[in-house]
Amino acid sequence: MSMKWVMRAKEKGAKVIHVDPRYTRTSKISDKYVQIRPGTDIAFLNAIVQYILENDLYDKTFIISHTNAMYKTNKNFEFNEGVFSGYSDEERKYNTDFWAYELDAEGKPVKADSLDDPQTVFSGLKDFYKRYTMEVSSGITGIPVETIKEVADMVVNNRPGTIMYALGMTQHTVGVQNIRAFGVLQLLLGNIGRPGTGINALRGEPNVQGSTDFALLFNYLPGYLSYPNHNKPKLENWTASYGSFRAKFLIHLLKAWFGDEATAENDFCYGLLPKKNANENYSIYRIFETAMEKKMKFLYIMGQNPMVSSPNLSVVHEGLSGLDTLVVADLFMTETASFWEKPGCDPSTIDTEVFFLPAASFLEKEGSLSNSSRMVQWRYTGIDPVGEAKSDLDMIDLLFNKIRDLYKDSSEAKDEIIKKLSWNYPTEKKAEAVLREINGYNLKTGELLNGIGEIQADGSTAGGNWLYAGVYAGNENLSKRKDNKTDPSGLGLFPGFAWSWPGNMRVLYNRASCDVNGVPYDDEKKLIWWDEQTKKWMGYDVPDVPVATDGPDTPNGQKPFRMNGEGVGRLIANSYSDPDYVNQTARDASSVPADGPLPEFYEPVESPTSNVLHPKVQINPCLKYPRIESKQPIGTKEEFPYVLCTSSISEHWCAGTVTRNVPWLNELVKETYIEIPEKLATKLNVKNGEKVKVRSARGEIEVKTMVTHRLQTLNINNEEVTVVWMPYNWGFKGLSTAASTNLLTIDAGDPNTWIQETKACLVDVQKV
Amino acid sequence: MNMNRRNFLKTAGLTGVALALADLGFNTKKIEASTKEFKLSGANEYTSICTFCSCGCGMVCHVKDNKLINLEGDPDHIMNEGGLCSKGSAMSVVPNSEERIPTPLYRAPRSNKWQEISWDDALNRIAEKFKKARDENWIEKEIDNGEEYVVNRTDAIGIVGGAQNNNEECYLMAKMARALGVVFLEHQARL
């Protein structure tokens with residue numbers, strides 16, 4: 001549906017550039033289509049950045065005002081032979097302190113007098129990027145030099161400009177750095193915070209924003225608060241690492257979870273929380289791997305079907321077979337719940353017991369969800385769940401109450417947390433009650449909070465997620481609002497339609513849409529401004545400033561990126577901890593990527609070529625793979641000569657659990673297939689529709705061929721490289737069944753997020 | 001009357017039919033009565049938000065006799081202005097599909113079939129299995145670099161879900177998981 005708005009922009013004269021390994025329906029409506037080798041986005045983007053730096057095409061005012069361009073990096077910072085300073089070869093890890101700024105006596109970053117000072121971030125940037133010439137980039141990516149230059153000119157000459165991306169950018173072992181490359185480009189162009197700018201994640205799941213906000217991730221607590229590690233046994237240890245600014249929100253959360261039991265004297269029950277081991281990875285891949293090793297006993301899965309959607313499926317299957325108990329809650333029977341029925345598998349050899357719990361669909365229950373623009377919207381219902389199905393909300397509530405009941409007579413220390421937890425939800429209007437807990441209360445007045453500003457660090461407020469404070473402002477569920485008429489900005493903000501976190505802000509970093517004096521760069525399309533008469537930041541949007549009355553002449557008036565301690569955009573992601581003089585600790589300590597302060601190009605784990613920039617550092621130096629050697633072989637280009645890129649398709653969704661049970665979607669696209677270029681089809685003597693065997697180091701499947709000229713062979717570092725593509729939406733259950741592409745894909749993961757490299761692995765293709 | 005676009009279209013549609021037929025000499029009173037038989041007449045309406053990508057498109061659902069009889073894009077929604085993609089517009093199938101599983105099911109170790117069980121039975125047994133895995137695999141303390149730390153967790157339980165779940169469900173999952181000592185808490189954020 002986002003294409004609707006791309007088309008609308010196009011009608012108004014916007015230029016559309018589409019970068020994809022494969023020519024698609026999006027390419028068709030674009031002004032410029034760029035075919036790229038999967039996994040080489042950094043080499044492409046960095047060449048554009050280099051062109052901008054070399055020819056002084058950046059927005060000088062913007063970078064001086066709103067980024068760390070003028071800040072001085074410490075003298076030891078360097079990049080050599082593929083790695084930055086602070087790298088440990090043995091641990092495959094950086095000590096990020098090596099990327100710090102030069103600090104003054106008060107612990108504040110030192111600023112240079114001029115951009116050209118050799119120690120500035122900007123000089124460091126220029127030095128780093130100069131290797132990315134058009135020619136080098138072209139050799140790596142397969143994009144002709146003239147195309148890269150044409151795209152660079154288009155982005156420079158068509159400002160403001162926005163970037164829309166999805167999993168094509170993130171499912172790589174350099175997923176985070178791919179997005180960092182966007183960040184550097186957009187900061188240099190002044191394309192952040194103003195209307196029509198930004199870096200927009202077109203996230204792939206209906207409530208993936210909410211599910212990450214609420215931290216269904218091992219390394220966070222709700223609201224992106226770092227999950228406590230074993231070596232942070234006390235709240236003060238946590239605060240020292242992550243800052244007093246965030247400690248306030250953690251205390252607010254602990255009060256929501258433990259109520260009166262949480263007091264300042266007992267560290268607000270922080271000590272009761274389970275502590276993860278700081279050196280362990282608890283991502284979903286480790287769930288299946290530890291199950292394979294019989295360490296994981298019990299797995300509860302809600303609305304997810306990893307037996308289709310996870311990479312390297314044989315590990316998933318073996319993991320599920322190693323469990324004692326598997327519980328799956330879903331709408332339809334899934335490949336995960338019935339993994340023991342997988343064709344070719346003998347159920348009598350599988351000891352796992354499985355419970356399937358019928359879940360109510362989104363149309364059969366109430367609740368809120370958050371879209372890619374952080375807009376929280378309410379879902380109503382008007383029908384009962386199918387059969388005896390229940391909402392996951394009811395299931396969790398019932399299950400927790402039953403578990404708690406089993407522990408009611410226990411006096412063991414380990415069970416104290418269960419007894420102290422506040423958990424008491426009504427049968428009726430349960431979702432609303434939970435949303436009120438999430439919004440938070442002032443415990444002294446009993447009133448619902450109206451915003452983040454009311455949250456206190458002394459335990460006098462309690463709420464489940466600081467980001468959502470205000471969704472229930474004025475005792476009204478604002479996610480239900482539907483004012484689609486009122487838009488004083490004329491920019492489509494519609495402030496009375498639903499509610500966005502934080503505080504109903506629609507455009508993050510909107511302070512950067514104004515100059516240092518608080519005057520909008522574009523008076524025609526303004527979001528916010530400093531009002532000298534009332535001495536306040538005002539606007540059509542909620543101003544993204546630390547304090548609404550702190551004007552441009554104060555430090556707080558110059559912090560468009562206020563979630564960083566230094567308050568400005570980081571061209572180089574320098575590590576920095578902002579001192580809190582009152583509490584004698586860090587006020588803020590925003591994280592930096594684990595694998596480098598600047599986006600460097602590394603080849604995918606399975607690559608058809610060598611890394612021309614630094615042959616000795618072929619792949620991301622922080623990557624640890626394989627984790628289990630026998631199950632995670634790495635294919636070579638000699639045995640597996642073609643690059644496989646995989647994705648979902650418009651007509652089916654993710655694992656296909658829902659869409660493959662809809663007959664007319666199955667009529668649109670009925671099975672897994674492989675798109676191959678005409679040149680490869682000729683070589684293999686395969687015609688459109690004929691079957692081929694596709695094989696990777698991890699598995700093989702048979703699928704039909706779609707011979708296409710939407711893919712063309714590429715010239716990579718003077719060798720011909722062939723890219724093929726497959727959708728991954730099928731499995732052995734549902735109304736439409738077909739081979740699972742993820743038997744082939746690789747489960748190497750980005751060192752920051754552990755996202756798998758499903759966009760680039762190597763395969764062989766043979767006629768059947 | 002607060003005439004939003006959706007009501008406007010509905011009313012305009014019906015009036016238009018009546019006027020057009022009146023032009024042909026029909027008795028419009030009778031026709032008005034027959035419009036009650038139109039597909040959506042008498043249906044209750046509620047709104048929801050699509051369940052596929054993260055655009056957050058609005059949907060209007062029509063219900064008669066506790067059955068979803070129609071689903072379409074919400075024309076008053078700022079995101080989709082009435083449009084839906086191929087998947088979103090197919091969603092009326094979901095509450096009406098015979099493929100939906102109506103009751104809890106159990107598959108015993110080494111068995112080759114599912115058997116129906118009651119909710120009570122299912123939840124009681126799941127709660128017991130949960131407790132067993134937790135109690136038998138509890139890690140109270142861990143030693144790192146010669147120093148002992150209290151960690152209070154279990155590495156034998158995994159909870160996975162919810163980009164398909166509503167915010168309130170996600171929140172309770174996180175709260176339950178952490179209260180029970182679970183650190184393997186994950187979902188499909190990477191898909």
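Biologist: How much area do chain B and chain A bury between them?
Modeller: About 12,300 Å², with 63% of it on carbon and sulfur atoms. Buried area here is the accessible area (1.4 Å probe) that two parts lose on being put together, summed over both. Keep in mind that this is a predicted model, where local features need pLDDT of at least 70, side-chain atom pairs count only at pLDDT 80 or more, and totals for chains, interfaces and linings use all residues. Residues are numbered from 1 along each chain as its sequence is written, chains are lettered from A, and side-chain values use heavy atoms, with hydrogens and water left out.

Biologist: And how many residues does each chain bring to the contact?
Modeller: Chain A gives 155 residues and chain B gives 116, taking contact as heavy atoms within 4.5 Å.

Biologist: How many salt bridges are there between chain B and chain A?
Modeller: Nine, where a salt bridge is a side-chain nitrogen of Lys or Arg within 4 Å of a carboxyl oxygen of Asp or Glu. One of them joins the side chains of A:Glu364 and B:Arg100, at 2.8 Å from N to O.

Biologist: Which part of chain B supplies the largest share of the side that touches chain A?
Modeller: Helix α3 (residues 119-136) of chain B, with 15 residues. Helices (H or I, at least four residues) and strands (E, at least two) are DSSP runs, numbered from the N terminus.

Biologist: What about classes on that side of chain B?
Modeller: There are 60 nonpolar, 29 polar and 27 charged residues. Ala, Val, Leu, Ile, Met, Phe, Trp, Tyr, Cys and Pro count as nonpolar, Asp, Glu, Lys and Arg as charged, and the others, Gly among them, as polar.

Biologist: Which strands pair between the chains?
Modeller: Strand β13 (residues 353-358) of chain A and strand β4 (residues 105-107) of chain B, antiparallel over three bridges. Pairing needs at least two DSSP bridges between the strands. A:Val354 stands opposite B:Arg107 there.

Biologist: Switching to chain B by itself, how many helices and strands does it have?
Modeller: Four helices and eight strands. Of its 191 residues, 55% count as buried, meaning under 20% relative accessible area (1.4 Å probe, protein chains only).

Biologist: Last one: is strand β30 of chain A mostly covered or uncovered?
Modeller: Covered: five of the seven residues in β30(A) (residues 761-767) are buried. Strand β25 (residues 691-695) of chain A runs antiparallel to β30(A), joined by four bridges, and A:Lys693 has A:Gln766 as its bridge partner.

Note on methods
Buried means under 20% relative accessible area, exposed over 50%, partly exposed in between (1.4 Å probe, protein chains only).
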